[in-house]
Amino acid sequence: MKILQISKIKKDVTGAFTRFPLFITFCIILTIVSIFTIEYDNDLTWDTKLNIYHFLSILSMGIIFVLAATNHAEKNKLNKKQKYILQGIFVIFMALYYFIPPQNFSTFELTMRIVALDTALVFLTLYLPYYKDKNIDAFWQYTKTLFLRLLTTYLFTMILYGGLSLALFALDVLFGVDVDGMLYFYLFIILSGIFAPIFFAGGLSADYSQYENKLIYPKALKFLVQNILVPLVILYMLILYVYAGKIIVMWQFPKGWVTNLVLSFSIPGLISFFLIYPLKNTGNKFLSGFFRWYFWLMLPLILLLFIAIFKRVNAYGITELRYYVIIIAAWLTFISVYFIINKHKNLKIIA
């Protein structure tokens with residue numbers, strides 16, 4: 001059994017290099033440049049660092065887009081020429097974008113911009129292969145597969161990092177080998193930047209017809225959603241409602257950090273809603289009730305979010321981070337209203 005598992009991993013890795021060559025190339029370049037930047041940080045001027053951050057941000061966008069484009073090409077059976085044209089258009093865009101001088105933002109502002117752009121591209125990875133396909137069950141199974149593959153990749157990466165770190169520690173303690181402390185950090189970057197993407201991509205099937213089969217809900221995932229994730233979301237929601245009640249009773253405007261609480265709550269809430277979709281009509285009143293009322297219960301919290309962010313804007317002005325919060329709040333409002341008024345709930349709206 002172990003031999004077969006190792007053989008499958010080798011096959012997946014080989015397949016990843018064949019199917020996702022540009023994706024893996026970008027990952028390797030990003031990893032090498034990141035390590036170089038960290039190692040020689042003190043010798044680099046701020047302008048040089050800014051240009052490197054600019055380059056890395058473009059690479060991170062390229063990594064996600066190439067993955068999305070490859071999945072789209074495989075799902076819609078595009079030929080190699082169409083696939084390369086699609087990827088080539090974005091590579092040209094990356095090259096042109098690189099020669100636009102980066103604005104002199106702080107490191108935090110640059111990071112927030114990269115996170116915002118990469119998050120948008122992650123949603124593109126989910127949406128692009130199925131943008132024409134009306135089979136919501138197939139879309140759900142495709143997204144579920146990506147989610148589970150991501151969890152598996154994280155687990156394998158952490159196990160491998162723990163084992164190799166222990167080996168380095170043993171060399172240091174038992175054999176007196178001088179192991180630089182930064183080597184552990186570089187090992188983490190290499191595993192996260194090269195091993196994890198290859199392992200993740202290699203486990204993605206190119207056969208999208210499997211998602212058209214009868215939907216089978218994993219028992220372990222159902223247990224996780226029903227007994228852990230949804231109860232935690234409900235508990236978090238109750239805490240936020242109690243806090244909202246305190247605001248009304250004491251007539252005390254919400255504090256600035258309430259935006260972080262509501263936004264943090266919305267992420268596991270949306271994940272729970274998405275994962276419950278196939279179970280909404282299975283007779284489980286707890287899960288079907290959550291699916292039915294979740295967005296109704298979100299509306300007061302979204303109002304609380306708007307009050308909190310505009311209070312900060314009025315007091316301290318608009319910043320890029322507050323601008324992103326307003327955009328996210330507007331997006332949450334849109335999808336909440338959509339799922340409330342629309343009987344045929346299209347999960348692709350979230351993506």
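A residue counts as buried when its relative accessible area is under 20%. Arg 19 comes in at 16%, so Arg 19 is on the buried side of that cut-off. The model is a predicted one, and Arg 19, which sits in helix α1, is a handy place to start reading it.

Side chains of opposite charge can pair when their charged atoms come close. For Arg 19, the partner is Glu 74: the two side chains meet in a salt bridge, with 2.8 Å from N to O. This pair ties together distant parts of the chain, as Arg 19 belongs to helix α1 (residues 2–19) and Glu 74 to helix α3 (residues 46–75), 55 residues apart. Glu 74 has a relative accessible area of 17%, so Glu 74 is buried too. The side chains of Arg 19 and Glu 74 also turn up as a polar contact of 2.8 Å. Once neighbours within four places in sequence are set aside, the contacts of Arg 19 include Thr 70 and Glu 74, along with Lys 83, Ala 201, Leu 204, Ser 205 and Ala 206.

The salt-bridge count comes to 3. Besides the Arg 19 pair, there is a bridge between the side chains of Lys 75 and Asp 133, at 3.2 Å from N to O.

Still, α7 has a kink of about 30°, centred on Leu 191. Leu 183 is also part of helix α7 and is partly exposed, at 38% relative accessible area. Leu 183 and Ser 165 are separated by 18 residues in sequence and by 9.1 Å in space, C-alpha to C-alpha.

Aromatic rings are next, with a count of 28 aromatic pairs. In one of them, the rings of Phe 306 and Phe 310 have centres 6.0 Å apart and planes at 10°, so the pair is stacked. Both residues lie in helix α10 (residues 285–316), 4 residues apart, which is about one turn of the helix. Phe 306 is partly exposed at 22%, and Phe 310 is partly exposed at 39%. Tyr 323 and Tyr 324 make a tilted pair, with 6.0 Å centre to centre and 55° between the planes. Tyr 323 is partly exposed, with a relative accessible area of 46%, but Tyr 324 counts as buried at 17%. Ring pairs also build a cluster out of Phe 273, Tyr 277, Phe 290, Phe 291, Tyr 294, Phe 295, Tyr 338 and Phe 339.

Notes
Residues numbered from 1 in each chain as written. Predicted model: local features only at pLDDT ≥ 70, side-chain atom pairs only at ≥ 80, totals over all residues. Heavy atoms only, no water. Salt bridge = Lys/Arg side-chain N within 4 Å of Asp/Glu carboxyl O. Helix = DSSP H or I, 4+ residues; strand = E, 2+ residues; numbered from the N terminus. Buried < 20%, exposed > 50% of the residue type's maximum accessible area, 1.4 Å probe, protein only. Bend = angle between axes of the 7 residues up to and from the residue. Polar contact = N/O pair within 3.5 Å; in protein donor to acceptor, adjacent residues only side chain to side chain. Contact = heavy atoms within 4.5 Å. Phe/Tyr/Trp six-rings, centres within 6.5 Å; stacked < 30°, edge-to-face > 60°.
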